[in-house]
Amino acid sequence: MSDAPAIIEVRNLRKWYPVRKGFFASVLGLGETRHVKAVDDVSFSVRPGEVLGLAGESGCGKSTTGMTVLKLHVPSAGAILFDGVDLASIRSRARLKHFRRAAQIVFQNPYESLNPRFTVFQSVLEPIRIQRPDERARHDAMVRLALERAGLIPVESFLHRYPHEMSGGQLQRVAIARAIAVEPRFLVADEPVSMLDVSVRAGILNLFRKFAAELDMGILYISHDLSTMRHICSRIAIMYLGRIVEIGPAAQILGDPRHPYAQALIAAAPVMRRGARQRIHLEGAVPNPIDIPAGCRFNPRCGKVMAECRTVEPVLRPAMGERQAACHLVG
Ligand code: SF4
């Protein structure tokens with residue numbers, strides 16, 4: 001990983017969705033508007049050549065964070081800086097287009113992200129045609145290079161295939177080729193292997209590691225599966241109910257988590273050696289993101305809860321090593 005400044009810096013990002021009131025309450029203007037606080041004051045950065053893992057249970061807000069960072073959702077508050085420039089301050093269409101080209105996403109489901117009527121060549125060509133129309137003479141070479149980088153070799157044997165003629169792993173490689181075809185500098189990979197057979201996951205994950213190392217790409221890798229993060233992430237952020245509760249170098253977070261939620265999540269992740277870790281039982285279910293508990297939002301489920309935890313919300317602060325954790329027991 002380089003020492004270069006961050007490609008993406010997210011500051012106090014929020015994405016809240018208003019909840020519709022009942023008919024009479026709306027007509028009579030009664031009651032406050034309530035919100036689903038999907039992303040609630042999240043900050044992090046991604047540098048060139050770095051893979052930052054964003055982990056947490058389903059519904060913790062990690063996918064919404066990824067989509068909002070790419071401006072596929074409009075943020076409710078906070079700032080997203082690309083190369084140090086706040087995206088909200090960009091008025092020029094050309095500069096916004098530059099961002100759209102430089103920041104791409106790979107979705108979870110390759111069956112939905114590819115057009116069944118397009119051949120592989122047409123699918124990968126489409127973003128190139130839209131984002132780089134002036135380089136027409138290079139389009140064919142760009143498609144081939146993207147397929148080669150995504151591991152679809154020999155390229156010639158894949159170019160004219162349709163999605164129904166390919167396996168799930170091959171389709172996800174085509175989706176990855178589409179994303180990298182326009183040579184982005186920042187990539188969001190949202191659960192990119194969760195729908196794939198276990199036997200092909202390692203090959204796909206290695207691609208992201210290779211893109212970071214060889215193309216100096218910054219990658220936000222979103223997953224609920226910490227065992228996959230172990231192999232590709234340089235840093236990891238653990239999210240709970242819309243907020244990051246621990247962030248730091250992957251080896252430190254996975255080896256010795258400080259936040260009680262991170263400890264429970266990591267204890268539940270599969271390991272190679274049987275019995276190497278003791279599971280930590282989490283009480284209850286994730287609370288409703290409309291009614292976030294007062295104080296520490298993890299307090300109803302935490303086995304170490306104290307009186308202070310029910311009234312004062314902890315903020316991220318330095319924990320052991322280079323990480324930060326949001327817990328009153330840390331620091
Ligand atoms: Fe548990 Fe309190 Fe720490 Fe929250 S602040 S994680 S409730 S000990």
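1. Proline 314 is placed in the loop between α11 and β11 (317-318), where helices (H or I, at least four residues) and strands (E, at least two) are DSSP runs numbered from the N terminus. This is a predicted model, in which local features need pLDDT of at least 70 and side-chain atom pairs count only at pLDDT 80 or more, whereas totals for chains, interfaces and linings use all residues. Residues are numbered from 1 along each chain as its sequence is written, and side-chain values use heavy atoms, with hydrogens and water left out.

2. With a relative accessible area of 7%, proline 314 is buried; that word means under 20% relative accessible area, exposed means over 50%, and partly exposed is in between (1.4 Å probe, protein chains only). Once neighbours within four places in sequence are left aside, proline 314 is in contact with Gly295, Cys296, Ala326, Cys327 and His328, contact being heavy atoms within 4.5 Å. The C-alpha atom of proline 314 is 9.6 Å from that of valine 330, and 16 residues separate the two along the chain.

3. Proline 314 is also one of the residues around the ligand, together with His259, Pro260, Cys296, Phe298, Asn299, Cys302, Lys304, Cys309, Cys327, His328 and Leu329; a residue is near a molecule or strand if one of its heavy atoms lies within 4 Å of it. By class, this shell has eight nonpolar, three polar and one charged residues, where Ala, Val, Leu, Ile, Met, Phe, Trp, Tyr, Cys and Pro count as nonpolar, Asp, Glu, Lys and Arg as charged, and the others, Gly among them, as polar.

4. The largest cavity is the space taken by the ligand. A cavity is a set of points, on a 1 Å grid over the protein atoms alone, where a 1.4 Å probe fits but cannot get out, and a molecule sits in one if more than half of its atoms lie within 2 Å of its grid points.

5. Pro260 belongs to the ligand shell and is also among the buried residues of α11, which include Tyr261, Ala262, Gln263, Ala264, Leu265, Ile266 and Ala267. Because eight of the nine residues of helix α11 (residues 260-268) are buried, the helix is largely enclosed by the rest of the structure. Its buried residues pack against α9 (226-232), β9 (235-240), β10 (243-249) and α10 (250-255).

6. Helix α7 (residues 168-180) has 11 of its 13 residues buried, so this helix too is largely enclosed by the rest of the structure. The buried residues of α7 pack against β6 (103-106), α4 (110-113), α5 (120-131), α6 (139-149), β7 (186-190) and α8 (198-215). The length of α7 agrees with expectation: its end C-alpha atoms are 18 Å apart, and its 13 residues should span 18 Å, the expected span being 1.5 Å times one less than the number of residues.

7. In the loop between α7 and β7 lies valine 182, which counts as buried at 1% relative accessibility. Leaving out residues up to four places away in sequence, valine 182 touches Arg101, Gln104, Pro127, Ile128, Gln131 and Arg132. Arginine 132 is 50 residues from valine 182 in sequence, and their C-alpha atoms are 7.4 Å apart.

8. Aspartate 190, in strand β7, is buried at 9% relative accessibility.

9. Some backbone angles deserve a check. Most residues other than glycine have a negative phi, and most peptide bonds are trans. Aspartate 83, in the loop between β4 (77-82) and β5 (85-86), has a positive phi near 50° and is partly exposed at 39%. A cis peptide bond, with omega about -5°, joins isoleucine 153 and proline 154, the latter in the loop between α6 and α7.

10. Valine 42 is likewise found in strand β2, but is buried, at 0% relative accessibility. Beyond residues up to four places away in sequence, valine 42 touches Val10, Arg11, Asn12, Leu13, Thr65, Met239, Gly242, Arg243 and Ile244.

Conventions:
On a 1 Å grid over the protein atoms alone, a cavity is a set of points where a 1.4 Å probe fits but cannot get out, and a pocket is an open set with protein on both sides within 12 Å along at least five of seven lines; lining residues have an atom within 4 Å of a point.
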